[in-house]
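Biologist: I have this chain open and would like to go through it piece by piece. Can you take me through it?

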Amino acid sequence: MSPTGAARTALVLNAGSRTIKASVVDGARRTLGAAAADRPARATEADDRRLLERLLAELRAGAPEPAVVGHRVVHGGARFRTPVRVDDATLARLDELSALAPLHNPVALGVIRVARGLLPAVPHVACFDTAFHATLPEVAWRYPVPGSWFDHWGIRRYGFHGLSVEWSVREASRRLGAAPGRLDLVVAHLGGGCSVTAVRAGRSAWTSMGLTPLEGLMMTTRSGSIDPGAILLALRRGLSPDEAEAALDRESGLLAIAGSADVRALEADAREGDERARLALAMFVDRAAAEVAAAATRLRRLDAIVFTGGIGEHAVSVRRAVAGRVRRLMPGSPPRVLVIRAREDLVIADAALRLARLR
């Protein structure tokens, strides 16, 4: 990265359990460079340092040095409802939330620590997938469980994919020629993780993911919502909490039904007559359509259904099947269907530049 244009340039880091994605975005929302690296299983801080050094070296070939670094953090809990500047105290508070997102937050926080060491002269900003859902009404975020569960442990619905939903709302507003406050949308983020959000007047009114990213739709390797009694039974039969978590997060969903989490491969197999692939896709569509319909009941009307995420953007057969089932419920005035590319990086860059007072 060169110093030219650094005054209004953000480096965006999106750290996942399997990859680290990096991009450089300027104040005009232009992507000036992008790179990605796979994280090894059980990656250490030393592994992340080597990966980030490599990504930064790739970006330095043509993109400007950043004036600020924006980080995606999955879970901000009830405390972090807006982007924040990262300091040692913030990291300590975020560490306390790792129990709510053990597969996501520790990875992001580890990468933030490494990035602060590699780029100590610029501010770092954390942006939260849960923040967009801070507007959820109590009827949507409260679970019907003993009040002490919320009071003592913070057990409630938080919602996720908020950065993606925020971008979808912005882009839908542009395409439909209406201010976000005048739109009621259902946003279906269908990717490795899947969620549906009801957006009323530009704000989150209901979302399918809950305390963790496990609730809601069937996903590629996650179960989505199942009877809690099934989990209790598995624990009573000897499965440990860690084993149950691994099974529900990494061994369920499409993978459990068809032996593959790749929707493109499953679509091809289904066309060839593979019954397991057909069943997996039918279950995926069934649950996604049900959640889209449920989200629509939280709205005054339904202006559009937005599909985003890797499956939502590219799996045409899945998208058509979900949209077709929902449209049959409202034959007189079927909603528009929009396909919007997920751009969490632009939302993070905007927030980081604003917080650093560079925008």
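Modeller: One definition before we start: a residue is called buried when its relative accessible area is under 20%, exposed when it is over 50%, and partly exposed in between. Also keep in mind that this is a predicted model.

Biologist: Fine. Which residues of E1 point one way and which the other way?

Modeller: Thr9, Leu11, Leu13 and Ala15 point one way from E1, while Ala10, Val12 and Asn14 point the other way. All of them are buried.

Biologist: Why is E1 described as largely enclosed?

Modeller: Seven of the seven residues of strand E1, residues 9-15, are buried, so the rest of the structure largely encloses the strand.

Biologist: Which strands is E1 joined to by bridges?

Modeller: Strand E2, residues 19-26, runs antiparallel to E1, and seven bridges join the two. Strand E4, residues 68-73, runs parallel to E1, with four bridges between them.

Biologist: How many residues does the hairpin between E1 and E2 go through?

Modeller: The hairpin joins E1 to E2 through three residues.

Biologist: And what does leucine 11 stand opposite in E2 and in E4?

Modeller: In E2, leucine 11 stands opposite valine 24. In E4, leucine 11 stands opposite valine 69.

Biologist: Moving on. What is the strand order in the open sheet of five strands?

Modeller: The order is E9-E8-E7-E10-E11, and the pairing is mixed. The edge strands are E9 (203-207) and E11 (336-339), each of which pairs on one side only. From one strand to the next, the twist averages 25°.

Biologist: Do E8 and E9 pair in the parallel or the antiparallel sense?

Modeller: Strand E8, residues 194-200, pairs with E9 in the antiparallel sense over four bridges. Arginine 200 has arginine 203 in E9 as its bridge partner.

Biologist: New topic: the second largest pocket. What is its volume?

Modeller: The second largest pocket has a volume of about 1,200 Å³. There are 32 residues lining the second largest pocket, and the closest to its centre are Leu211, Thr212, Leu214, Ile231 and Leu248.

Biologist: Which helices each supply at least two residues of that lining?

Modeller: Helix H5 (147-153), helix H7 (228-236) and helix H8 (241-250) each do. H8 gives the most to the lining of the second largest pocket, with five residues.

Biologist: How do the lining residues of that pocket divide into nonpolar, polar and charged?

Modeller: The lining of the second largest pocket has 22 nonpolar residues, five polar and five charged.

Biologist: Where is glutamate 53 found?

Modeller: Glutamate 53 is in helix H1, residues 45-59. With a relative accessibility of 38%, glutamate 53 counts as partly exposed. Valine 114 is 61 residues from glutamate 53 in sequence, and the C-alpha to C-alpha distance between the two is 9.6 Å.

Biologist: Last, the whole chain. How many helices and strands does the secondary structure come to?

Modeller: The chain has 14 helices and eleven strands. Its radius of gyration is 20 Å, close to the 21 Å that the globule rule gives for 359 residues, so the chain is as compact as a globular protein of that length.

Biologist: What box do the C-alpha atoms fill, and what percentage of the residues count as buried?

Modeller: Taken along the principal axes, the C-alpha atoms of the chain fill a box of roughly 55 × 55 × 50 Å. Of the 359 residues, 52% count as buried.

Methods:
Residues numbered from 1 in each chain as written. Predicted model: local features only at pLDDT ≥ 70, side-chain atom pairs only at ≥ 80, totals over all residues. Heavy atoms only, no water. 1 Å grid on protein atoms, 1.4 Å probe; cavity = no way out; pocket = protein on both sides within 12 Å on 5 of 7 lines; lining within 4 Å. Points joined across faces, edges and corners; volume = space filled by probe spheres on them. Nonpolar A, V, L, I, M, F, W, Y, C, P; charged D, E, K, R; others polar. Buried < 20%, exposed > 50% of the residue type's maximum accessible area, 1.4 Å probe, protein only. Pairing = 2+ DSSP bridges. Axes fitted to C-alpha atoms, helices over the stretch in contact; angles between N-to-C directions. Rg over C-alpha atoms; globule rule 2.2 N^0.38 Å.
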